[in-house]
Every structure is written in C-alpha cells, then in structure tokens.
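This briefing is intended for a reader with the sequence and the model at hand.

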Amino acid sequence: MTSNARWDEEVDVVVVGGGCGGMSAALACSILGLSVVLCEKTDQVGGTTSTSAGTIWIPLTKAALAGDQADSREQVERYLAGLIPNATISARLRAFLDAGPKMLDFFALHTAALRFLLVARHPDYRFDVPGATVGGRALIPPVFDGRLLGKDFDRVRPPIREFMPLGGMMVGKDDIAPLLHPLASVSAFRHACTLLFRYASDRLRYRRGTRLVMGNALVARLLHSLRQRQVPIRFEASLDELVMEQGRVIGLTVKQSDGPRTLRARKGVVLATGGFGGSAALRAQYLPQPPAEATAGFTGNTADAIRLAVKSGAAIDTNHVTPTFWVPVSVMKRSDGTTARYPHIVLDRAKPGLIAIDGTGKRFTNEADSYHDFVLAMYANYEQTQSLATHLICDARFLRDYGLGLIYPKTRDLDPYLAMGYLKCGKTLEDLAHAIAVDGSALVRTVARYNEHAARGDDPDFGKGASILNRHNGDPTVKPNPCVRPIGAGPYYAVSVFPSDLSTSVGLSADEHARVLDEKGAPLTGLYVCGADMSSVMQGAYPGPGTTLGPAMTFAYLAAHHLAALETSRDAELSNAVEAPPARLFAQVNG
Ligand SMILES: Cc1cc2nc3c(=O)[nH]c(=O)nc-3n(C[C@H](O)[C@H](O)[C@H](O)COP(=O)(O)OP(=O)(O)OC[C@H]3O[C@@H](n4cnc5c(N)ncnc54)[C@H](O)[C@@H]3O)c2cc1C
C-alpha cells in the first residue's frame, strides 16, 4: 500500500508482534527515548515464547566470564563455524556475538524485571563439533511472581496445558524431583509443600498458578517492563498492510474489531510476528516432504509480516542447513476436541530404558541427542525406509519412573491414554509390535541386541549416553551409563512421535542492524525484523539451548539502536554499572 495522508496515530517506531522479539524491541526503543507502540494480533502477549522454556543462548556474558567455565570468542566462533553452512562467521553472526552480552546488561540496567540467570551446567547440543561447552552459554529467566502484573496477568498467554499439573501449576525443571519425591529430603519436602501451598492459594483468586517459570516468566518480565515504561500495547490489532512512500516503509495499517487503523512510523517498523509455523502455505513451500505435524509453537503465527514484507520487496533467505528448528511431538486429541502436541524435549528420550524404533522395528539414532537432531535423524532414516513412523518403546518400570510424553511419572491410571490410542501396550514385545503395526520378530531382535549391551551400560550401535549432553538429560542414579539400562519384563509400552517444529529458521533476509534486505542485499529503508520473522542467524543450525530467543532479543536490541541512530558501544560505559549476576543458578528469585 502506498502513502495516504491521514494517520490515526503517529510515533517513531511501530513494533508488530507481542512475543519475545517484539516486546524486546519495543522495550529497547522506549529505553532509547523513541516513542513506540506495540501491535499484537491477539488479546494476549507471548506467542510461542510463552510456551517455551525461556532459555537464551548468549555466549561470553559477564556472569559466564566470572564463572568457572573457560570460554573464549575463538572457541565460540570455532563451534559456530563447524555448525553453520559455508563455515563463515557472517557480519550478522559477529553482531550477535558482540551485542548479546551488551543487550543483557542494557536490560538489566534499565529495567527492574528483565534479568537472567546463568545456568552453570547446560551443555551445548553438538559435542562432535569442536568448541562446544558444558555450560556458561545458556541463561534462564528467574521465577516471576505473576501477581506483580495485577490485571495484566491475564494478558500473558499460558503455557501448553499439559505442562501444567493440577490444572494450572507451572513446574520448572528444578521443581520436578521435589514434587515426585517429596520425602527424599527435608529440602525436597519443604520445596514441594511451598509449591503446593502457593498454588492452592493462587487458585482462590486466579485461573492458574501465578508462580511463573520458563517462557512464561520471560514474557511476564517483558510485559512488566513495558508497563513500567508505559509503552502502549494495542491488543487485537493485526498487521494488515505496510505503507510505503518512495521506496521506504513509513507506517502500516492494522485490523481491529472496530475497523482499520493507520499508524505512521517516523523512523521505522519492526516486524516480529513469530515466523511461519502457523502458515500451511509456507510450510508446504519451505519444509521437507513428507510433511511434518503442525507446529508445536503458536499456531497464530501465520507469516503475516513475512508475506507483506515480500510484497514490499524483501527477500527470503533460504540458505539454511534445515528450514526450521525441529522437535519430535506426540499427539493426542483432548476431550474437548482440541489437539495436544507434546514436544519431547528433555524429559524422556535420554532416560535409561527407552529406545526409538522406526516402522521396520529397528533403532535408527541416538535417542538422547537433541530434539532437533532427533528429527533430522528421522528424515535421514526416511531416505532408507520411505517412512517417518517412529515409536518410543519402554517397559512399565520406565513409565512409572520417568513418564512418557503426556503421561507423568507415577501415573497409575493409564486407561485414558490407552483409550485415546495415545499409548499402546502389549504384554509381550510381539503384542506391542502388533499394536503399532511393526514386525514382531524385528522388535524382539532390536530389544535383545539393545539389552545385551545395556546390561553393561553400553550402546555400541548409537552411543546413547556417550556425549555430555546425553548424560546431562539421563538419570544420574543409573550407573555406569545414566542413559542406558536394559528393557525389563513386560508389559511394554509405545508412544508414536512425529516431526514438528519449535520455531521456523528460514525467514526474512536481514543485516547486522536487523534491517530487512531485498533480493540484491540492500536494506529496505524503514523496515526492521527480529524473532522468528528474521532468517535465523544460525541458518538452521542448533548450537544449544536458547538458539532462537537469544538472537531474538539481541536483534531487537540492535534494531532499536539503529532506529535511534545510536551505537551499542555507548552501552559499554553504562554496562560497567551492571554487576555480574551470580554464576550459579538459584531458582527462587522473585518467586
Ligand atoms: C515447547 C517449546 C519450547 C521452546 N523453548 C525454547 C527455549 O528455551 N529457547 C529458545 O531459544 N527457543 C525456544 N523455543 C522457540 C521459541 O519459543 C521461539 O523461537 C520464539 O518464541 C519466537 O519468538 P517471536 O517473538 O519471534 O514469536 P512469538 O513469541 O511467537 O510471538 C509472535 C507474536 O506475534 C503475534 N502476531 C502474529 N501475527 C501478527 C499480526 N499479523 N499482527 C500482530 N501480531 C501478530 C502473535 O500473536 C504472537 O503474539 C521453544 C518453542 C517451543 C514450542
């Protein structure tokens, strides 16, 4: 759309999309003195960010440098060069590495709530590539007290329903053991009681628990910071058109329930509508065949901004190792007719006594590798077998100890899961094979071979438990290999998994200032991008936990600086005022 003379509102910057990318951009713009408005399509902020783990991958932060993990720029670059196509460190990647730690200091200095904690041990995902570290690059948002948001608590999109036990309690990784084994120690008992008491009292006043962790804590911290700075947020304002004048973007129109509204953006527009995970057309265009399940992210991210930017001359960067960030999901129809997609991230695959088999009844990969690499292995196996069929197999003891997908550990009544066809069961391996349409003798042979070595904690075929990442997600009480123990007596169980995505990687071409680029690589004046709308700086590689949210926040910060015509080096001075946060993770801050 070209310029028209009438504007309903005029500001320096309009940001579109209220997830991590858009909220960070709006916040950074406001801190830098720009007038800014945030437009969000739905009645809640958070998008996929709210259902995420909220981890950000930012190497070489102050906290990391003060900690005991040795790391260096050279080591980080060696690692990334080994993962990313063409093995070059692009200007955009350099900008990410330079600006990431500054971005954290900037938000820590200028907001009361936007803080992160370094997780001392949170391994990178690819230990076969030189430069990976055991910890020091991943940070998480501390627990946040949702009550601090007042009425705005309802504006935070809730996490995936099945991630909230008791119908609405958020549980972080550190809460799981105390809740499962409250009698293990005095501190476990105290922790479990505190969580349950807090949740019970929350439910007298709120629709869900207010002790927020992971992605929900991140979204709440961003919303709290935006409200503190009085940044206007237009809810149910969906980007409809970009307004161009003489080749530059000068504003946009949003659709609202009471009609369209035009917003003039004197300095620029930042696109952050969460990528194309919810767009059937773009999934068909960019994702491999056979098709993946629907996205595990927010289905309302229908590539609206990407399509409009392309109409305005933007290019899509497809030079990616793989077009999306993968995760295996299991799928169950809920009783209300909606579909639950459970992302198998860290809680079951790496644990001892589980194997993944394909449609021929054979194992095909190391089950404990990252979710991204697991799905890449499913597609590689498809080349051999012409099928993506994949089943996670375990015995009853495994199911009781660790749970499987939607089934929590210690679940006594498996009937609802069996009745829905989510869980398949067999008294013998042959029975189970029959239930999942796999050759029985093949499954028996696979389990026998796995068990032969598992008794010694070995997995010569796929090396389950060989890498630091594998062992990190295993069960440390199982020796000698925390990821391997024999599959015991029946009954046996299976849950089928399918490829899905956490967030898309292919996206709008952009430079190191987060400016959108055209086909010739020239910036489109007035148009910026961050989050999953931007072609990922990792080009489809998945270095470690926080691969998308770390860059989303960093390019939001860089876009704001470019819009304000300020150098980030100015922040270096300011950031001296920021103390290194503690290197050790402590989970209860502000909780
Ligand atoms: C289970 C799970 C766990 C994950 N864990 C992590 C993790 O720990 N670390 C990590 O780095 N990544 C993680 N991810 C991926 C990460 O959550 C996403 O990459 C990230 O949230 C994308 O942020 P975003 O701001 O681009 O989009 P979103 O957070 O999805 O926000 C996009 C927003 O734009 C709005 N919008 C869409 N269209 C329009 C429109 N036309 N007009 C206005 N607004 C619009 C949407 O309503 C939404 O609110 C995880 C994903 C999942 C599913």
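Helices (H or I, at least four residues) and strands (E, at least two) are DSSP runs, numbered from the N terminus. The model is a predicted one, in which local features need pLDDT of at least 70 and side-chain atom pairs count only at pLDDT 80 or more, while totals for chains, interfaces and linings use all residues. Residue numbers start from 1 along each chain as its sequence is written. The protein chain is divided into domain 1 (9–143 + 214–277 + 505–575) and domain 2 (327–501), with bounds that come from an automatic or database domain assignment.

**Domains**
- The centres of domain 1 and domain 2, taken over C-alpha atoms, are separated by 35 Å.
- Seven residues of domain 1 are in contact with eight residues of domain 2, where contact requires C-beta atoms, placed from the backbone, to lie within 7 Å.
- On the side of domain 1 that touches domain 2, five residues are nonpolar, one is polar and one is charged; Ala, Val, Leu, Ile, Met, Phe, Trp, Tyr, Cys and Pro count as nonpolar, Asp, Glu, Lys and Arg as charged, and the others, Gly among them, as polar.

**Nonpolar core**
- A nonpolar core is a set of buried Ala, Val, Leu, Ile, Met, Phe, Trp, Tyr and Cys residues joined through C-beta atoms within 7 Å.
- The largest nonpolar core has 170 residues, of which A25, V269, V270, C530 and A559 touch the most other members.
- Helix α16 (residues 549–563) supplies the largest share of this core, 10 residues.
- Domain 1 and domain 2 each contribute at least three residues to this core.
- Beyond its neighbours within four places in sequence, A25 is in contact with V15, V270, A272, C530, A556, A559 and A560.

**Helix packing**
- The axes of helix α4 (residues 91–110) and α16 come within 9 Å and cross at roughly 85 degrees; axes are lines fitted to C-alpha atoms, for helices over the stretch in contact, and angles run from 0 to 180 degrees between N-to-C directions.
- Helix α4 is therefore roughly perpendicular to α16, given that angles under 35 degrees count as roughly parallel, over 145 as roughly antiparallel, 65 to 115 as roughly perpendicular and the rest as oblique.
- In this pair, A95, F96, A99, G100, M103 and F106 of α4 meet G550, P551, M553, T554, Y557 and L558 of α16.
- The contact of α4 with α16 comprises nine nonpolar, three polar and no charged residues.
- Helix α5 (residues 173–180) packs against helix α6 (residues 186–202) at about 105 degrees, with axes 8 Å apart.

**Backbone features**
- The peptide bond from K479 to P480 is cis, with omega near 0 degrees, and P480 lies in the loop between α15 (468–472) and β18 (492–504).
- G490 and P491 are joined by a cis peptide bond with omega of about 5 degrees, and P491 is likewise found in the loop between α15 and β18.
- Q386, although not a glycine, has a positive phi of about 60 degrees; Q386 is placed in the loop between α10 and β16 (390–395).
- Q386 is exposed because 9 other C-beta atoms lie within 10 Å; a residue is buried with 20 or more such atoms, exposed with 12 or fewer, and partly exposed in between, C-beta atoms being placed from the backbone.

Notes: Contact = placed C-beta atoms within 7 Å.
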